[in-house]
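Dear colleague,

Please find the structure below, with the sequence alongside. My notes follow directly after it, and I would be glad if you read them with the model open.

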Amino acid sequence: MELFLAFCLLLLYSAISKLCKLAYEKRDQRCYMLGYQCHKAAEDQKLDTGSCAKIIVRNQRLGIEEYRFLLKTMVSSGIGEHTYCPRNVMEGREEFATHQDALSEMDDIIFDTLDELFAKTGVSPSEIGIIVASVSLLSPAPSLTARVINRYKMRNDVKAFNLSGMGCSASVIAVDLVKQLFKTCKNSFAIVVSTESIGPNWYSGKEKSMMLSNILFRTGGCSMLLTNNGAWKEKALLELTCSVRTHIGSDDEAYRSCFQLEDDIGNKGFRLTRDLPRAGAKALAKNLRRPAPKGSGPGLNLKSGIDHFCVHPGGRAIIDEVGKSLALNDHDLEPARMALHRFGNTSSGGLWYVLGYMEAKKLLKKGDTILMISLGAGF
């Protein structure tokens, strides 16, 4: 009898230990967003229709057919009169961008957003333990995170990561990376910087699929401050409760749907194919199957558990395709469409302009659940 009691106590102790361990691990997986700051470029970088026309006319390689294509695309793009363009393009140097042009573009966006973020949250740069920069088309040495560390004189044990080549999806991937790192970094602060190098990657050729990037992509970016310190929970704007990543790069059609390359005469650019919206829908369908309850079937109603949909403002076709896939209405898609209209496609920083629109319009309230959806090269 005593042996049996001892065995039962041992089982009980083991069960309690496992429960305590799970609770401890769950506590360390917390990921709170304390603040974010989107970049608004200077007024002399504003790209209205007149400025855009001047840039197009400078390209002597274009003929009547290309002009018609660009005009039609601009009208149907969903982009308004108040987006922003890199300085080297505004100054007529799109074909001859220097390395300094690229660095200056990044410095303007990154340091502007971080200065504002540190000021409004009250967190000092010396408290940052993790920094992630997500810029697809620029990977300088020293790295972009090194430039941040040097500018703010951060401590020497800060963990720095630079993500490249992932396109518009890189921002939420960076947040997911921070969430994973938080499991081994107790009570830590992290910053994520998301933007894109537009100036040195402006396409100056005449291939239609590569000219699309000039119409859609604009200057912008965002910095975010995250922590897993429970003492900051009440000051947090958001808590990350679930993140799911799906990669369909093994599908050739999806892999080639957004691709950096040179055209036949050596002009470097970014090709966006007609397969892009379809690839996005396919990736999204696979992605949403993973967090969905088992047995939910094809009739799953996302609106029964989600209050807001923060869709990447990658272009009118992307927004429409995501809306169609998820059975979203105009009200659900309004923030994405308005962010696209006001700022254009700012690549990995785009989602946060959508969130900013939701906040500005007072659409969010405490306890709301937001689904953030981002798609990018890879696919």
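Leaving out residues up to four places away in sequence, Asn 88 touches Arg 93, Glu 94, Ala 97, Asp 101 and Gly 199, where contact means heavy atoms within 4.5 Å. Asn 88 is found in helix H4, residues 87–90, and helices here are DSSP runs of H or I with at least four residues, strands being runs of E with at least two, both numbered from the N terminus. With a relative accessible area of 4%, Asn 88 is buried; the cut-offs are under 20% relative accessible area for buried, over 50% for exposed, and partly exposed in between, computed with a 1.4 Å probe on protein chains only. Between Asn 88 and Gln 45, which are 43 residues apart in sequence, the C-alpha to C-alpha separation is 9.7 Å.

Before going further, please note that this is a predicted model, in which local features need pLDDT of at least 70 and side-chain atom pairs count only at pLDDT 80 or more, while totals for chains, interfaces and linings use all residues. Residues are numbered from 1 along each chain as its sequence is written, and side-chain values use heavy atoms, with hydrogens and water left out.

The axes of H2 and H3 come within 12 Å and cross at roughly 155°, the axes being lines fitted to C-alpha atoms, for helices over the stretch in contact, with angles running from 0 to 180 degrees between N-to-C directions. That makes H2 roughly antiparallel to H3, given that angles under 35 degrees count as roughly parallel, over 145 as roughly antiparallel, 65 to 115 as roughly perpendicular and the rest as oblique. The contact is made by Cys 52, Ile 56 and Val 57 of H2 together with Tyr 67, Leu 70 and Met 74 of H3. By class, it has six nonpolar, no polar and no charged residues, where Ala, Val, Leu, Ile, Met, Phe, Trp, Tyr, Cys and Pro count as nonpolar, Asp, Glu, Lys and Arg as charged, and the others, Gly among them, as polar.

In H11 (residues 316–326), Ile 318, Ile 319, Val 322, Gly 323 and Leu 326 are buried, and seen down the axis they fall within an arc of 130°, so they line one face of the helix. Just after H11, Ala 327 takes a positive phi of about 55°.

The loop between helix H6 (144–152) and strand S5 (159–163) holds Met 154, which is buried at a relative accessible area of 9%. Apart from neighbours within four places in sequence, Met 154 is in contact with Phe 118, Pro 125, Ile 128, Val 148, Ile 149 and Ile 191. Lys 153 lies in the loop between H6 and S5 as well, but at 60% relative accessibility Lys 153 counts as exposed, and its phi is positive, about 50°, although it is not a glycine.

Two peptide bonds deserve a look in your viewer. The bond from Ala 141 to Pro 142 is cis, with omega near -5°, and Pro 142 is found in the loop between strand S4 (128–134) and H6. The bond from Gly 378 to Phe 379 is also cis, with omega near 25°, and Phe 379 has its place in the segment after S12.

Definitions and conventions: Arc of directions from axis to C-beta.
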